[in-house]
Structure formats: structure tokens, C-alpha cells
Amino acid sequence: MHNRVFVLIVTALLLLWGTYTVFHTEVDIFPDLNAPTVVVMTEAPGYAPEEVEKIVTFPIETALNGATDVRRVRSSSATGFSVVWVEFDWGTDIYRARQIVSEKLNTVAEALPEGVSTPVLGPQSSILGEIMIIGLTSDSISMMNLRSIADRTIRPRLLSLGGVSQVAVIGGDIAEFQIQLSPEKMRYLNVTLDEVTDAVESINNNAAGGILYQYGNEYIIKGDISTNSSDDIGNSVVRSDDSGVILLKDIASLGMGPKLPRLGVASERTKPAVLITVTKQPLIGTGDLTERIEDELSVIRKTLPADLNISTDIFKQNNFIETSITNLQLSLFEGAIFVIIVLFFFLMNLRTTLISLIALPLSIIITVLALHLFGLTINTMSLGGIAIAIGSLVDDAIVDVENVYKRLRENCHLEQSRQLSVIDVVYEASREVRFPILNSSLIIIASFLPLFFLSGIEGRMLIPLGISFIVALAASTIVALTVTPVLCAYLLGRDKKLKSLDKDPYAIRTLKKWYGIALDYSFKHKKGVLGITLALFVAAVVVFITLGRSFLPSFNEGSLTINVSTLPGISLEESDKIGREAERMILETPEVKTVARKTGRAELDEHSLGVNVSEIEAPYKLDNGRSRNEMVRELRKKLSSIPGTNIEIGQPISHRIDAMLSGTEAQIAIKLFGNDLTTLHSLGSKIKDEISGIKGIVDVNIEQQIGRPQLDIRPRRVMMAKYGITNADFIRFINVMLGGESVSQIYDGNLPYDITVKVDDGSRSGMEKIADMMIDSNQGKIPLSYIAEIVSTTGPNTINRENVSRRLVISANVDDRDLRGAVEDIRKKIEDEVVLPEGYHISYGGQFESEAEASRTLAIASIGALIIIFLLLYQEFKSVSQSFIILVNMPLAMIGGAFILKLSSDELNIPAIIGFISLLGITTRNGMLLMSRFNHLKQEGESIMQRIRHGASDRLSPIIMTALTSALALIPLALRGNEPGNEIQSPLAIVILGGLLSSTVLNIFVVPIMYYLIERKKR
């Protein structure tokens, strides 16, 4: 009070600094949810999945399992490709994790067979790192040229932007220079495969001739062999002897062609396309990076053909972020409006209302500054914490202003000689409520402490909410103890204003009158009031127990991710047709704006989908009066009519969270472990059939680890020895003639293209033609069938493993029921109907697993928070009985919280549980205000009933005001739970809203009655 000007100057500077920071702070969707994960990818061209598992995946897994801080190793072995996901403990430094993996891989890489590429680490990115999908389409540009533009023009430019981690391209045809050998011409000219491989080895590589010094100059000598002319390459000599010269063009056709096999295709609105997926680095702002990407694309577009169309509306994470932030800002604004209305209605004084409201912007700005200084990001969770706290931010100021307001009025009515100065009155009035304000804030902070014991993804998501709430509340307390008294001294201390403070506002007087009548009535029926309260509490407990359970509320991301999978072994062309049919059906849905599809996978892409799987992005807008659930159900029904397919409908961010939790993009993952793939699939099919009929279970899928057609070329060792063919000769023949081998590169300008040697497509178009292909022997050329058995068989399309054991996942989503209840029904069904052979076992993963773990953690931590709250209350009142009376507010709050949750969603999730825990502290404020006033009046010598009536009447105004401001400010969040950005905060807000209403109404009657009974017993 002696440095009022200094306080106001510091406040003004904080407002200026904070406002600048707010407008220059990057806002993202969620905090960093990424578990420290390192992805190891290895290309093994031509190898079948079981070979990839044996010679690539297993050695890598063995090296990485048991490494420091590794908690789980998952892998997928597909045709020609191995992906290993190494998950580290939460909190492990990602750079240290990558170093550990790199060191382990150094020993493995040397032992891998020839033809298998060196294992590479996937780019460091966040689980929510896929921020944009860009589509390229054209009516006149070929798919090969379209892919070249994407690979050689757009991708490098995007990768050059700071913050971009990876740019994956799928669709179109990858161009390469092909040397297609003709077996007939090689046979006619008696050219061996060894002669061809010798001729094409380094066919287009320049030679270094050292340095020549002459005439005072230094000349670099090089053999300039490199050329981009097919004629020059065709004139390369294969053999030169007495019979003549044989050139490469004599035995092969040369030219540019599409690289085979194609790993994936893409389309946009059913039209063939090239899709570019941009992934950001962790801790990089999505909004700023998206803007820079779009600016770069607008520059690139000017250099591309006019007929090329670039689409950026397929998927853009920033759209969800902007919508979420807008909705949260609207909730903040509307909550602030409610606070203003309540304050003015009760105070009926513009100056007191203004003084109380100053705490609102100041607390928010100090919170943003604090988060910025702590190095924390501003996201929907931290903003949600502020939105939830907005009603409580003025509570401390209200208590202070209301007490100052009352003391000034009392001082004004005293004789002139007994009146104190305004500063002294403000100081004493503020000092009177200083410790109750401080302790009540500490108690509310203590109630949020259980949040900080959460681990895993739920901790990463919800702890920032708790931090922002606590910082905002602490800021409001500091403002109430410093700025508020200063403003009271300046704005309420004038003589003219003192004369207007002669009585309470009309609303307060009316409220106190009716409250006095109701309080007298409740004291006449004490047993009835307590009995009804106890009955309501018991009913609330019953309701609470019967609530459904889930992990997090469903998001409304504005985009669907739809997986359509068919049987393994289907060709890419057939899978493409099915995917196009699914696209057509999706586009018929009025809410869907566009669709884009990936079938198969991109090169070195950790999302290793087989060619039998299509992933479709479908952004939508709910402008036809239907809810998202209604739209999804119609889509599910439509798509289920496509024969031979499994459908899974989710959302981009939800999919990725599920994938991180369980390794599968669904809410429930039933993991079946065992060794034999056939047995695994048989058991998995039985489990799928059994659980498909359970109520609320949808999108039941089984990983398609089943037999797909294979052509097995098995050498006859005796015949190979007879014809003098070594294993190396046999392997080289299969690799080059059938698989194709990259031998060098050709350059078009500065852009390289692979030179691939293989047999022409017509000579390998069927089993019979492959059998008739000629292999070199010591007796001349002989058919391959002489020394090898060629049989049609089947083999797995993909082999998935987890912690060095083969694994099959049966996945499912839940619709129109709670998650935990669905999982319990699944467990019971499997235990009753499925008998597992020896060596096979089941584990369950998914959101429910995180929900159960988080619920246990919160339950244990809440006991600790309750003890801390009791100790703080005891420190304040030095009375066990009075502390317990105040704690009665907690069960009173549970009544409203449980009933409002039953009426709104009938579901208890982690945010709702946190809402109940938060009520532990928030609802004690009212009890503390009453108890502190009762004790003060007791010291002045008033009787029990006098101090109850007097104290309850005195504290009615701040109790009602703080409760209404806290509760009404949450209404926008509670009512807009289905809008993007509000989904997680809404259940928390609903519970606090209901709990505040019930605890406030019951508190002003139950606490006085209990105080009376205990005080009378003491006497």
C-alpha cells in the first residue's frame, strides 16, 4: 500500500509485455505426445516376408532388444521391406535413443546378406507430425512425369524448409533407364550372363585419371564415360573376339520405363494422382510451418506446367488447430462475459466490478508469460486450462473487493472521529482475507497435483492443462493480494464514492432476506436436511459406479481416415479398383468435401501397408444437420457392401494416438502371440467371429497375415553340380534376370535415374516361360527347369512381431457404448469360447489400458492430495472438526458432478475424473469463507446462532458470486463439447459445473447445521 504507484507501473508493463507475447506466440494442437521412438527401415528387394523376417528383422531385433531404456520393440516384415520400431521409456532423450540404436546397428549391418540395403533410421518426427498431404493431378502429364516432378522438384524444395522432417511421395511411376535383356538373343549369340554383368558394371561412371601439369597449368584428367544417350549406352561392347563384336543393343532393348514392382498408387477424387505427405520435426509450430510450405508451393507452381493441379485441401492439420483455437477463444470470451454479468449484477457498482475484472486479463497474460519463460508451448491443452480456470481467476479478487467494499461502508457510518483513513481500511480489510485467500488457492493447487503423477500419453496431454490452471490461479492470487487493494484505494476511496456505499445492492439484499428465511427453516428441520443430503450422496455414488468408462472423449477433427483392406495376394491393379470404388461411395456422402487415397506404401516409408490396403483421407464439414456419428454410421454401412473387404473408420490424430498406444490404429487391440502363422490366423479368425456380435463393437479386423501366392524356385543341388553351376551363379541369375539389378545411374541435367538390368517383361510373364529361361552352365545354356524345381505355393504377406515373438492383432472400435465395458465383454467372450494351445497367449492393448492405468494413478494420488488439503485446512483453523466440516463440500460436490455426467454423456473418462479431483480443492473455498467468518464472530463474543446467522449472511455474497463466476464461465466449454478443441476440456468443465452448483447450494445450509451441532456438543 506504500508503493501503489510502483505496483501500477509494473502492472502496466506486464500488460504491454504480455500482450506482445500473446500476439507473437505460436499455438499448436497438442503438447508433444511422442514417446521416444526410433524407426529402423531396411529395403530387401525381392525377398519374401519370411526371408525378410529371418535374415533382416530378427538380427536387428536381437541387437536392439535389451538396449538401455528400451521398453518395447515391434516389427513388420513385408515383401522386400523390414520396419522395426524401437520404443524407449518416457523421458528418454531422443538424440541419445537414436545414438544407442545407431551403435547397435553398426554390428548388424555388416552381417546382412548382399542385396540387402544398409538399415537406415527414420526421420525424427512427432506422432502427430504429418501436417499436410499435397495432391498432384493432371489431364495431360503422364504419371511418370508427374512422379518425377514430385520427386525431383517439389520434394527437395520442401525438405529445404527448416522444420520439415520428411517428405514421402506415393503414386505415379518412378522413372528409370532400363536395359531389358532378351534371352532369345543372348542364346542365339551365345552371350553369358557373366559377360553381360561385366559389360554393364559401372557402365555410366566416369573415370579419374589424376592430374597433369603442363605449360604452367594443372589439368584434371577424367575419363568422361557418363552419357544420357541410350544410343551411346547401347553401343557398349559386351564381347569382342574372333567371331566379331557384340554390342549391348544387340541383346537388349534400352530406354526409360517405369520402375517395377510398383509399391503403391494414389488417387484424388477417384482420379490417378501423386500424393506428397509432409512430416514436421518435433517441437516445431505447425501453423508457421504450414504457412511457409504453402508460400513455397505458390512459388514452385509458377515453374510447373500450367495443366498441373496442386491440391492442399486433402489434409491440413492446421485447419483443425485454427478451428480448435477459435472455439477455445470463443469459450474464453463468453466465459468472461458471464463473469462480468455476475459481478455487475451482484455489486451494482461499475468501479468494484472493474477492480474485480482486472484480475482476469492480468492473470491470463501472466500465465502466458510464465509458460513462455518455462519453455512450454501454447496449445489447446494449456489454453483449456486457462478456459477452465477463467471463472476462478476473479474469485480471490471478488473476496478481497467484497470485504473492502463492506468495511468501507461500515467505516463511512462511524462517527467522524472514529473513522479510519481509506488506506488503513483497505489494508485491514485485505489483511483480514489474505490468509484465507492464500490457503484456498493452495488447496485448489493441491487438488490438481494428482495430474502430475500421470505418465504416458495421458500425462503428456493433461499435465500442461494442470500447469496452466495452477499458474493462472497463482497469478490471480498474486493480483488479488497486490493490485486489487491498490485499485480499491484509488477507485473506492473518494468522498463521493464513500457516500454511495451506504447499503448493499438490491440483489444482495433480496438474496440475504430469502436466505435468512431458508436458513431458519433448515435449522428447524436439521435431520431432514442432513438425511436428504445423505440420500443424494448415496444415489450419486450409485450413479458414479454405473457410469461407462473410456480413456479420452472422441475428437471432432473434421477429417476421416478410412482403411479399406482386401485379401493379401491381390494385385495392385485390383486393389486400386476396389479403392476407387470406395472413394466413389465416400464422395456420395454430402458432408465429405474431397477424398484422397494411398494404396500400398511409398519407398522407405514406416507406414508399411501392403498393396492390399488402402488408406483414404476424407475431410468433411457437418453442415447438413447430421452429427458425425450419424455420418460415420452411414459410411460404414455403404462401404461394408464392397465384397471381400474389411473397413476401419477413424480420424487422423486419433488413429496415430491409437497406433502409439497399441501399435494398431484402433481403440482396442487384442494381441495374439505364438509361433505358427497358420495357427495364429486360425485362432484370430475365431476370436474375430466371437467378438463381432458384441453390442457396440464395430470395425472388427484381423491382420491379414495369411498365405499369398508365391513362385518358389528350389535348386536341385545334384543337377547344379552336374552342370557346374555354383550357388553364386544361381543367385545372380535370379537377382538379375528376374528381379532386376541397378548397376549405375544416368543423369538428365543434374537429376539421376537408376540404370536397371533385367530380363524383358515378356520372358518372365508366366511360370512356364520362367522355367524355359536359359542359365549358363559348363555344357552351354540350359533351361532353368533342368537345375531347379519351380512350384506355385503360398507364403505370408506380412509377419508382425513384438518383443521377439510373432504377433497377430485383432482390432476393433467402439460405437455408442463405453470402452471399458466393451473390453470386459470381449475378455469374457474370449475366455469362454476360445481355447489357446500351449505356447500361445493373449494380451490386450489400446485406449482402455491407458484409461485403467491412469485411473489407478489418479486414485492413489488423490488420497495424497486429500491429506495435503486436510493439513492445509488444519493449519488454517487449528481444529480437526472444523477441517472435516469444510471437507464435507467434497461429497456435496460429487452429487452434482455424478448426476450431470449421467445426464450429459453417461461416461466417465480421464478428463471427467480430473474434474472430480479438481472439485476437492475448488469447493473447499466456500466452506473456508464461512468457517473463518464464524470464528471471527466467535472472538467478538456472539452466540452460536447469532454468529451462524450473521456470518452466513456476511459470506453469502462472496460465496454466491465466486460459485456463479466459476460455474457460469464453464458453460461455453460444457455446451460445446463436440466442437474441435473443446473435446477434452468439456467433460472436466461439465463435472466442475455440476459439482459447484450442488456444493454451493448445499454448503450454505449443511455447513452451518454441522457447525452448530459440533459447537453445541463442545459446550
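Visitor: How many bridges pair β20 and β21, and is the sense parallel or antiparallel?
Guide: Strand β20 (residues 596–600) pairs with β21 in the antiparallel sense, over four bridges. Strands are DSSP runs of E of at least two residues and helices are runs of H or I of at least four, numbered from the N terminus. Two strands count as paired if DSSP finds at least two bridges between them.

Visitor: Which residue stands opposite Ser614?
Guide: Thr599 stands opposite Ser614 in β21.

Visitor: What about β19 and β21, how many bridges there?
Guide: Seven bridges join β19 (residues 559–565) to β21, and these strands also run antiparallel. Ile562 has Ile616 of β21 as its bridge partner.

Visitor: Is β21 buried or exposed?
Guide: Seven of the seven residues of β21 (residues 613–619) are buried, so the strand is largely enclosed by the rest of the structure. Buried means under 20% relative accessible area, exposed over 50%, and partly exposed in between, with a 1.4 Å probe and protein chains only.

Visitor: Which residues are on each side?
Guide: Val613, Glu615, Glu617 and Pro619 are on one side, and Ser614, Ile616 and Ala618 are on the other; all are buried. In a regular strand, side chains alternate between the two faces of the sheet.

Visitor: Before we go on, where do these values come from?
Guide: The model is predicted: local features need pLDDT of at least 70 and side-chain atom pairs count only at pLDDT 80 or more, while totals for chains, interfaces and linings use all residues. Residues are numbered from 1 along each chain as its sequence is written, and side-chain values use heavy atoms, leaving out hydrogens and water.

Visitor: Thank you. How many helices and strands does the protein chain have?
Guide: The protein chain has 35 helices and 34 strands. Of its 1019 residues, 57% count as buried. The C-alpha atoms fill a box of roughly 135 × 80 × 50 Å, taken along the principal axes.

Visitor: Which residues have the most contacts inside the largest nonpolar core?
Guide: They are Phe30, Met461 and Leu462, in a core of 111 residues. Helix α35 (residues 985–1018) gives the largest share of this core, 13 residues. A nonpolar core is a set of buried Ala, Val, Leu, Ile, Met, Phe, Trp, Tyr and Cys residues joined through side-chain atoms within 4.5 Å.

Visitor: And what does Met461 contact?
Guide: Leaving aside neighbours within four places in sequence, the contacts of Met461 include Phe30, Pro31, Leu552 and Ile984. Contact means heavy atoms within 4.5 Å. Apart from this core lies another, of 42 residues, among them Ile246 and Phe730.

Visitor: Changing topic, where is Tyr844 found?
Guide: Tyr844 is in strand β33 (residues 841–846), and it counts as buried at 14% relative accessibility. Tyr844 and Leu672 are 172 residues apart in sequence but 8.7 Å apart in space, C-alpha to C-alpha.

Visitor: What about Asn190, what is its phi?
Guide: Asn190 has a positive phi of about 55° although it is not a glycine. Most residues other than glycine have a negative phi. Asn190 lies in the loop between α5 (183–188) and α6 (193–200), and it is partly exposed, with a relative accessible area of 47%.

Visitor: And what is the phi of Asn803?
Guide: Asn803 has a positive phi of about 50°. Its place is in the loop between β31 (798–802) and β32 (807–814), where Asn803 counts as partly exposed at 38% relative accessibility.
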